[in-house]
Amino acid sequence: MMGKGAESTRSDVAILLVSLGMVAACAITYELLIGTVSSYYLGSSVLHFSLTIGLFLFFLGIGAFLSKFVSRDELEVFVWTELLLGFVGIGSVLVLQASFSLTDHYYLVALILLATIATLCGLEVPLLTRLIYRHQGLSATLAHALSIDYVGGLVGSVLFPIVLLPTFGTLKTGCLVGLLNVGVASLVVYHFRAVLRHRGILTILCAGGIILGVSQFAVAERLVSLLEQSVYDDEIVYADQSPYQRIILTQHKNDLRLYLNGDLQFSSVDEHRYHEPLVHIPMQLARKRGAVLLLGGGDGLAAREILSYPEVSSLTIVDLDWKVTALATTHALMRSINKKSLSDPRVTLIHDDAWRFVHNTSALFDVIIADLPDANDYGLGKLYSREFYRRASRILSSGGVFITQAASPFFTRNAFWCIAHTVAAAFPVTTPLHNTIPSFGSWGYVLASHAVPLTLESLPLPTTLRYLTKELLPTLAIFDGDTSEVPTEIQRLDSQVLVRLYADGWERFD
């Protein structure tokens with residue numbers, strides 16, 4: 001049916017095996033892409049990746065089942081399938097972003113898109129395997145097809161987080177993967193042009209797919225900006241994609257706001273109400289404050305407060321995302337509000353996971369401040385576990401003080417007290433605190449030490465503070481009936497109850 005002669009047969013098989021590897025790489029990339037976009041917009045990365053993987057595998061099976069109804073023209077059906085997959089893939093992320101920005105039906109659109117892509121991917125592998133089998137024995141076909149399929153999956157899964165996502169972002173990555181599908185179809189059409197009945201229209205569609213993909217890739221940034229601007233009330237002045245999150249900076253008059261994966265990190269009009277308690281209370285309570293460790297805080301705002309103390313000889317900042325610290329270090333608007341704190345010679349920037357850092361370091365710190373993202377998935381939940389706090393207690397000096405932000409005692413009451421109880425399982429002295437930040441509502445913190453009394457009365461404060469006063473300080477430890485202590489389990493690494501409590505708390509207010 002295809003080529004004649006041994007040389008032609010070898011080239012036919014080679015083209016089909018290359019196509020199979022490309023198909024596998026594209027399939028895993030689509031799977032990761034949909035999971036990533038969903039977690040960006042809706043949080044809970046573990047949930048959305050789990051659902052995406054499970055549903056993707058299910059629809060791969062549906063596609064494989066449907067392949068049995070293709071009894072002839074397998075090669076041509078494969079090309080049509082690959083072209084359809086290419087067109088859908090090129091528009092996949094644009095459709096997802098538009099459905100989130102412009103409609104209330106993101107889940108339905110994502111499900112339809114995932115089902116379409118996975119079914120088409122599942123249809124292709126059996127078709128290619130049948131075509132290869134015509135040139136090889138069963139054992140050789142299975143060995144080659146399965147090994148190439150697995151290698152293609154590995155290539156896609158490695159390239160996505162290391163190269164594609166950080167370099168191109170989600171929309172451009174979708175374009176590239178869709179173009180790869182079209183490219184595979186074009187390769188097959190060219191190589192097997194003598195045996196394809198509809199090679200003319202297939203050639204035109206291949207050319208059209210390439211033009212569409214390249215055109216969308218060229219205007220991807222503009223499309224992303226338009227869609228993202230419809231989500232945010234204020235003007236977007238900076239947007240970037242890191243390996244870990246989507247970074248958005250907006251501005252309206254004197255209000256500068258930072259969003260990571262759509263979650264507000266600070267508003268410049270009231271961020272001091274968050275950072276002053278987070279920094280100045282432990283700094284004033286600690287017996288020494290020469291060596292300070294800041295976990296998170298890549299925006300430089302907590303660092304600004306810490307560095308206002310001349311006694312600080314070293315500030316170690318551990319933040320996973322180098323693109324956030326680069327923004328805080330180089331962007332004029334960020335530098336104006338963080339007072340160029342990350343450029344201070346006393347600062348040592350370490351781009352690492354906070355969990356890994358506290359487990360690997362042998363240094364001791366006088367003050368440890370955990371300014372970490374909320375525990376909205378299990379990857380972040382480990383940073384609020386008993387095991388994490390126990391390790392933090394080991395690197396805290398004997399007269400040192402530890403503090404962690406602890407979400408909202410009003411909106412996520414059970415989660416807040418879970419964090420407080422977990423910190424108490426690692427430190428002998430603890431005190432929960434809370435205050436009000438207009439952009440976030442009621443917000444909580446947990447103080448801890450080995451033996452330092454955590455009494456707020458008569459605590460001296462710098463005279464330059466805008467929010468904290470001596471009169472206000474004692475009230476931060478008073479909880480009303482809506483926020484008072486409730487019994488909870490503690491957060492352990494092997495049973496992360498906090499993530500569920502956090503999700504349940506916010507769900508009541510959605």
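A charge sits over a ring if NZ of Lys or CZ of Arg is within 6 Å of the ring centre and within 35 degrees of the ring normal. In this predicted model, the charged end of Lys-172 is placed in that way over the ring of Phe-217, at 4.9 Å from its centre. Arg-193 likewise lies over the face of Tyr-190, with 4.4 Å to the ring centre.

**Aromatic pairs**

A pair of aromatic rings is described by the distance of the centres and the angle of the planes. Searching the whole structure gives 18 aromatic pairs. Two of them are listed here.

| Pair | Centre distance | Plane angle | Arrangement |
|---|---|---|---|
| Phe-388 and Tyr-389 | 5.9 Å | 65° | edge-to-face |
| Phe-416 and Trp-417 | 5.0 Å | 80° | edge-to-face |

Planes over 60 degrees apart count as edge-to-face. The planes of Phe-388 and Tyr-389 stand at 65°, so this pair is edge-to-face. The planes of Phe-416 and Trp-417 stand at 80°, so that pair is edge-to-face as well.

Are these residues buried or exposed? Phe-388 has 0% relative accessibility and therefore counts as buried. Tyr-389, at 0% relative accessibility, is also buried. Phe-416 and Trp-417 are both buried.

Phe-388 and Tyr-389 also belong to one aromatic cluster, whose other members are Trp-355, Phe-402 and Phe-427.

Val-423 is part of helix α15, which covers residues 413–424. Its relative accessibility is 0%, so Val-423 counts as buried. Glu-387 is 36 residues from Val-423 along the chain, and the C-alpha atoms of the two are separated by 9.7 Å.

**Helices α3 and α7**

How do the axes of helix α3 and helix α7 cross? Helix α3 spans residues 74–102 and helix α7 spans residues 220–231; their axes come within 8 Å and cross at roughly 20°. Angles under 35 degrees count as roughly parallel, and α3 is therefore roughly parallel to α7. The crossing of α3 past α7 is left-handed.

Which residues meet where α3 and α7 are in contact? On the α3 side they are Leu-94, Gln-97, Ala-98, Phe-100, Ser-101 and Leu-102. On the α7 side they are Leu-223, Val-224, Leu-227, Ser-230 and Val-231.

Technical notes
Residues are numbered from 1 along each chain as its sequence is written. This is a predicted model: local features need pLDDT of at least 70, side-chain atom pairs count only at pLDDT 80 or more; totals for chains, interfaces and linings use all residues. Side-chain values use heavy atoms; hydrogens and water are left out. Rings of Phe, Tyr and Trp (its six-membered ring) pair if their centres lie within 6.5 Å; planes under 30 degrees apart count as stacked, over 60 as edge-to-face and the rest as tilted. Buried means under 20% relative accessible area, exposed over 50%, partly exposed in between (1.4 Å probe, protein chains only). Axes are lines fitted to C-alpha atoms, for helices over the stretch in contact, and angles run from 0 to 180 degrees between N-to-C directions. Helices (H or I, at least four residues) and strands (E, at least two) are DSSP runs, numbered from the N terminus. Angles under 35 degrees count as roughly parallel, over 145 as roughly antiparallel, 65 to 115 as roughly perpendicular and the rest as oblique. A crossing is left-handed if the near helix is turned anticlockwise from the far one by less than a right angle, and right-handed if clockwise. Contact means heavy atoms within 4.5 Å.
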